Amino acid sequence: MDRDSAEWWELVAKGVLAVQRCDSCGLARFPARAFCAACRTEGWSWARLAPLGVVESWIVSHWRAPEPFTVVRVRPAEAPGCVMYGTWRGEREPRQGERVVPLFTDQPSIEWRPADASGSDA
């Protein structure tokens, strides 16, 4: 957490999926930054997003954990120019292009699970 991301973490703690949206040009951006990468202005607002994304890729991490765990890279459905990362909570490996929904934890953090909620191979 840093100066630019503190408010995002507060939103995650409330179960809100959001990205910054530039007040000048409307560009959606994540992670949070002080300036817009497109128009270089400082004004921005939080844009709440529908809790839905698409898996772009994933890795299985073995780093500093007692058990391997999967980290997914997800593009929010309402902000496809942004990417978010989170732990995978499916019963099987994620699939590229799979629709996912966030699970907000108490830490706070975001975990992603299949949108069909079953996580099955069906």
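Start by selecting P31, which sits in the loop between strand 2 and strand 3; strands (E, at least two residues) and helices (H or I, at least four) are DSSP runs numbered from the N terminus. The peptide bond between F30 and P31 is cis, with omega of about 5°. This is a predicted model, in which local features need pLDDT of at least 70 and side-chain atom pairs count only at pLDDT 80 or more, while totals for chains, interfaces and linings use all residues. Residues are numbered from 1 along each chain as its sequence is written, and side-chain values use heavy atoms, with hydrogens and water left out.

Stay in that loop and pick R40, which also lies between strand 2 and strand 3. Its phi is near 65°, a positive value in a residue other than glycine. R40 counts as exposed because its relative accessibility is 61%; exposed means over 50% relative accessible area, buried under 20%, and partly exposed in between (1.4 Å probe, protein chains only).

Strand 1 (residues 18-22) is joined to strand 3 by five bridges. Select A18 and look across to R48 in strand 3, which stands opposite.

Move to V19. Leaving aside residues up to four places away in sequence, its contacts (heavy atoms within 4.5 Å) include F30, W46, L49 and M84. V19, M84 and W112 touch the most other members of the largest nonpolar core, which has 18 residues. Helix 1 (6-13), strand 5 (69-76), strand 6 (84-88) and strand 8 (110-114) each give two or more residues to this core. A nonpolar core is a set of buried Ala, Val, Leu, Ile, Met, Phe, Trp, Tyr and Cys residues joined through side-chain atoms within 4.5 Å.

Two stops remain. R64, in the loop between strand 4 (53-61) and strand 5, has a positive phi of about 50° although it is not a glycine. At 73% relative accessibility, R64 counts as exposed. Finally, select P108 in the loop between strand 7 (99-104) and strand 8; the peptide bond from Q107 to P108 is cis, with omega near -5°.

Key: Pairing = 2+ DSSP bridges.
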